[in-house]
Structure formats: structure tokens, C-alpha cells
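Q: I have a two-chain model open and would like to learn how to read its contacts. Could you take me through them?

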Amino acid sequence: FLMSFRTVEPLEYYRRFLKENCRPDGRELGEFRTTTVNVGSIGTADGSSLVKLGNTTVICGIKAEFGAPPTDAPDKGYVVPNVDLSPLCSWRFRSGPPGEEAQVASQFIADVIENSQIIQKEDLCISSGKLAWVLYCDLICLNHDGNILDACTFALLAALKNVQLPEVTINEETALAEVNLKKKSYLNIRTHPVATSFAVFDDTLLIVDPTEEEEHLATGTLTVVMDEEGKLCCLHKPGGSGLTGAKLQDCMSRAVTRHKEVKKLMDEVFKSMKPK
Amino acid sequence: MAFLDFRGGSGRVQIVSKRRATCGRHSWSPRVGACVLRTHLVRKRALLGGSNKPRLHVGSRAMEGAMQTESKIRADSRTEPGPRGPGCSLRHFACEQNLLSRPDGSASFLQGDTSVLAGVYGPAEVKISKEIFNKATLEVILRPKTGLPGVAEKSRERLIRNTCEAVVLGALHPRTSITVVLQVVSDAGSLLACCLNAACMALVDAGVPMRALFCGVTCALDSDGTLMLDPTAKQEKEARAVLTFALDSVERKLLMSTTKGLYSDAELQQCLAAAQTASTHVFRFYRESLQRRYSKS
């Protein structure tokens, strides 16, 4: 009976759990799903990571290529993110050009990179006005179970920390670039932006890390991206029910604790990788 | 759309009045200090497509909202960035409704030099693939001034759409579609806020049932933490952070927010409070604008 009730009246089913301050999968309202991260698994990419937030799985691969710097900023490189939501991850997506959700997610990641200044684009410049690195970040969702933005941000951060760029020198005589694959160095990651997503239910209740079902039933969503010093890089609230200032404060404090959790996880992963 | 009687008589060309709400002083406080309310002046305008009797066109009214309160009228133009000290102000804004004949509702909203034209079609027929059995399907199309719409436009469309969805009573028109089309006419800063305002006015003009009105307000924070409301394009570029909020008219709750740049939590609360105060003026302007339109004076 319970399964059919869930299908017929999903909102009522959820409300019964929310009244007891918990959710059908047993989590508290402020609890995140188990987060796992795996770095450097793609050999052909310059940097890669795989992040699992419960069932939501996102893999990020970064390839570095050469390109000419933009004419209005000759000493900057490019970081080009692309989020790919394929039919593999959810029945809602069709193959073909990126749909709205993928475009919004790509724009969100681009904004996070831009706002948080996670890497200085000047670091990517090899020769001012002539040659710069272009980092193509491909985020592919393998399984969409809600909260794609958090997973993507985390995957991007982990992958960027994993990127190793070879040393490039410009040969003065031939004016060609010479790549020294033996000498590689990591990128200088200045900040660690961490995203925390919330879903608003019935205009009042806020739950953290919504699954796909919860996202569908929610009346609004909110994503907060915070860096170490408690500075906000992005407050993304695409419509939905209204929130008061006090509720926003609660979200901020939860975002701060989440940042600490994620930072700890990342430090563990990278520490275990160092002796390579 | 002929719901207005012809307003006959009085001459066409009237004085345009500038309007500005000035709030607070150098230390930003959400209390609105000196806002000056001026009398409105209504200006009739011919429908596009013209006719030889421009003033007799039914159904078109242009309204310039001007606001003023007591005495203090600051040095007028906000076109050149004024001194940072004496508080923040919203630019002169104007709204024109029902200027297009084909859409069910249309509005043009001007904020300083930023101008957006909005048209609303609906409730209308919906494609079976997009229909929702118990609500209206809302669609937003945003066309940039030049070039083809890109990913940034899609992102903005999603923001505007979700804001409208929170406010429009879709349950009254199930299995229909409401389409909002926005065309950017000129962009001189605070574009998203202007789009939201235009969309709201167009929805009202179309008679779409809504539970509240909404407005967009933009705040910019510069490197020393000074808050600026309704920044121009130059101020936006120089600012450290630009925050755009959409607030509803009933309780000034935050419906939508999108931000650019780095800022602290305290600054966010400050900007939100400032935006809530500024939104009072925008809503007052909406109300006066609509009152003017439907009054028999």
C-alpha cells in the first residue's frame, strides 16, 4: 500500500515524513548524502575527478590545449566549462543539443569560476598576446539523482586540483612552442568554492541536498556557493517561493559547515595522492 | 485591446518629469530618507503603425511615473555617477503598457537608459508534449539586442520563468501555455531587473491572474563596500559584486536572486534590506501607473 501511495500522492507522502523532521531515505533535513570522490582516474585527461553524492554521479575531465588569448585581455587564458546531461543519466533528457538544464548548469559553473577566481587566468598565459592555455572542463553526469550543481562544483574543484600542466617554452628562433612533458606542475588553486543546495517545500521548510524526487516536488531551490573565508561567490535562487532574510541566514550557516566537510574530504584525498 | 475608453481632449505633449527615489545618506540605512513625489503627467501616444489622428487611439497609454516626496530634490541626473557619499538612488523609470496590438499584453519598461520590451501571450494553446495537467505552462523567451540567444540568455530565461511561476496562479488555467517574450532594446546596466519589471507589467496588462506582483532590483558593491542601487553599465563593470533580486509585493520576500562577484554574508543581508526598501518605490510606481491608466480623470 505504501508504494502505491507514494506513486499516487508523492507530495502527501513526503509531507508525512517532513512533519517528523526526516526524509524517506532516513536523512535529517540538514543532512547531506554520502559524498565520495575519486581523483585522477582518467589517464588521457590532464586532470579528472569523479564525485558521487549519494546516487548522483558526475565525472569531470579537463583537457588543456593551446589557444590565442582574447584580444581585449592578452595576458589571460580561458577556462571553458561544459555540463553534459545525457539521456544516460535521466529519462528526462533527450540526445541532441544541450537542453535548458544543461545550459543553465554550464552557465552556473562558468559564473562560479569567474566569481570565485578559483584560478588566476593570468597563470594560464604562456606568451602574452600569442599563446595561452585553454582548459576545457567537461562535466558529464552519469546518474542524475538531484543536486547536480553541488556535484558539478565539487567535481570541477577536485579536477582542477588534479590538473598538471607541462612546462612550455617559446623557442625564439622558430617562434614555436616547445612542450616539456617530463616537467609538469600543478595549477595554483586560490580558493575552494563549495556549493550547497537547498530545496524549499511548501514555502516554509528548507531541506538540504534534495534528491531528484524532492527537487520535483519542491516549490523552489536555492544554491549557495561559499569559499573559505565565508565569502559568497554565488547565491543562485532561480525563482520559486519567497524566502525571508532569516531563512537565508540559516542557509548560510549550513553552507559554512558543509564547506568544512568538503574541504576535509578533499584534503584527505589529495594527501593520499601526494606520494605519486 | 480596447478596454480603455478614449481619453479625449487634453493636449498631447506634456512635460516629462524625472523621478528618482533617493534613499538614505552616506552610511547606508534602509530607511528611506528623502523621496520626492512629483505629480504624474500622462502622455498619450499613437499606436505603432500610426494613424493620422495620433491622439485618438484607443487602448494605448503611455505613462511616465514620477515620484517625489517632500522638499529635498538632489542634483538631478543619475546619468553621470554622482558622489558616492550621499546615499543611493534608483534611476528615472517609465513604463508604457499595451503598445503592441498582437500580444495579449505588452509593456515597455525603461530604467534610466536600459529599456526592455515585453509581450505576453496567454493563456493559449499548448503543445501536448509540454502540457501540465493541473497548471499552466510558462515559457519565457529572452532576445538579446544583438546576436543570437546563447547560454547566458537561457540561464536568464530560467530565472525569469521560475520567478513568474512562483507568482502566476497557473492552477486556474490548466493545460494552457503562457508565453512571455522579452526583447532587450537597450542595455545600460541593471538589465535583468528591467526584464523582470517589464515582464510583470506585461503580465498585468494581459490580465494573467497572479498572487502578487514582483519587481527586480539590482545592487552593486564596490571595492570599499559602498552600496549602489540600480547601477549603470559602467558602475557594474567597476563593482566588486553585483546582486540582482526579485522581490514579491506582499511580504517583500526574496523570490529570485542571482549574483556576480565575491561578497560576505553581512553584505548580502545589507543589500537585501536595501533592495526591499527600493522595491517599495517600484511597487508604488506600478500602482500609480495602473491607477492612472484606469482612472477617469
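A: Gladly! Axes are lines fitted to C-alpha atoms, for helices over the stretch in contact, and angles run from 0 to 180 degrees between N-to-C directions. Helices (H or I, at least four residues) and strands (E, at least two) are DSSP runs, numbered from the N terminus. This is a predicted model, where local features need pLDDT of at least 70 and side-chain atom pairs count only at pLDDT 80 or more, while totals for chains, interfaces and linings use all residues. Residues are numbered from 1 along each chain as its sequence is written, chains are lettered from A and ligands numbered from 1 in the order in which they are written, and side-chain values use heavy atoms, with hydrogens and water left out.

Q: At what angle do helix α6 of chain A and helix α4 of chain B cross?
A: Helix α6(A), residues 245–273, and helix α4(B), residues 265–294, cross at roughly 165°, and their axes come within 11 Å. α6(A) and α4(B) are therefore roughly antiparallel.

Q: Which residues make the contact of α6(A) with α4(B)?
A: Contact means heavy atoms within 4.5 Å. On α6(A) the residues are G245(A), L248(A), Q249(A) and M252(A), and on α4(B) they are D265(B), L268(B), Q269(B) and L272(B). By class, four are nonpolar, three polar and one charged. Here Ala, Val, Leu, Ile, Met, Phe, Trp, Tyr, Cys and Pro count as nonpolar, Asp, Glu, Lys and Arg as charged, and the others, Gly among them, as polar.

Q: How do α3(A) and α1(B) lie to each other?
A: Their axes come within 8 Å and cross at roughly 105°. α3(A) and α1(B) are therefore roughly perpendicular. E100(A), E101(A), Q103(A), V104(A) and Q107(A) of α3(A) meet V151(B), A152(B), K154(B), S155(B), R158(B) and R161(B) of α1(B). This contact has three nonpolar, three polar and five charged residues.

Q: And inside chain A, what is the angle between α3(A) and α4(A)?
A: Helix α3(A), residues 100–116, packs against helix α4(A), residues 148–162, at about 45°, with the axes 10 Å apart. That angle makes α3(A) oblique to α4(A). The residues in contact divide into nine nonpolar, one polar and one charged.

Q: How should I read the size of the interface between chain B and chain A?
A: The size of an interface is often given as the accessible area lost when the parts come together. Buried area is the accessible area (1.4 Å probe) that two parts lose on being put together, summed over both. Between chain B and chain A about 2,500 Å² is buried, with carbon and sulfur atoms giving 54%. R158(B), L254(B) and L262(B) supply 22% of the area that chain B buries against chain A, more than any other three residues.

Q: How many salt bridges cross the interface of chain B and chain A?
A: Side chains of opposite charge can pair when their charged atoms come close. The rule asks for a side-chain nitrogen of Lys or Arg within 4 Å of a carboxyl oxygen of Asp or Glu. Two salt bridges cross this interface, and R161(B) meets E100(A) in a salt bridge at 3.0 Å, N to O.

Key
Angles under 35 degrees count as roughly parallel, over 145 as roughly antiparallel, 65 to 115 as roughly perpendicular and the rest as oblique.
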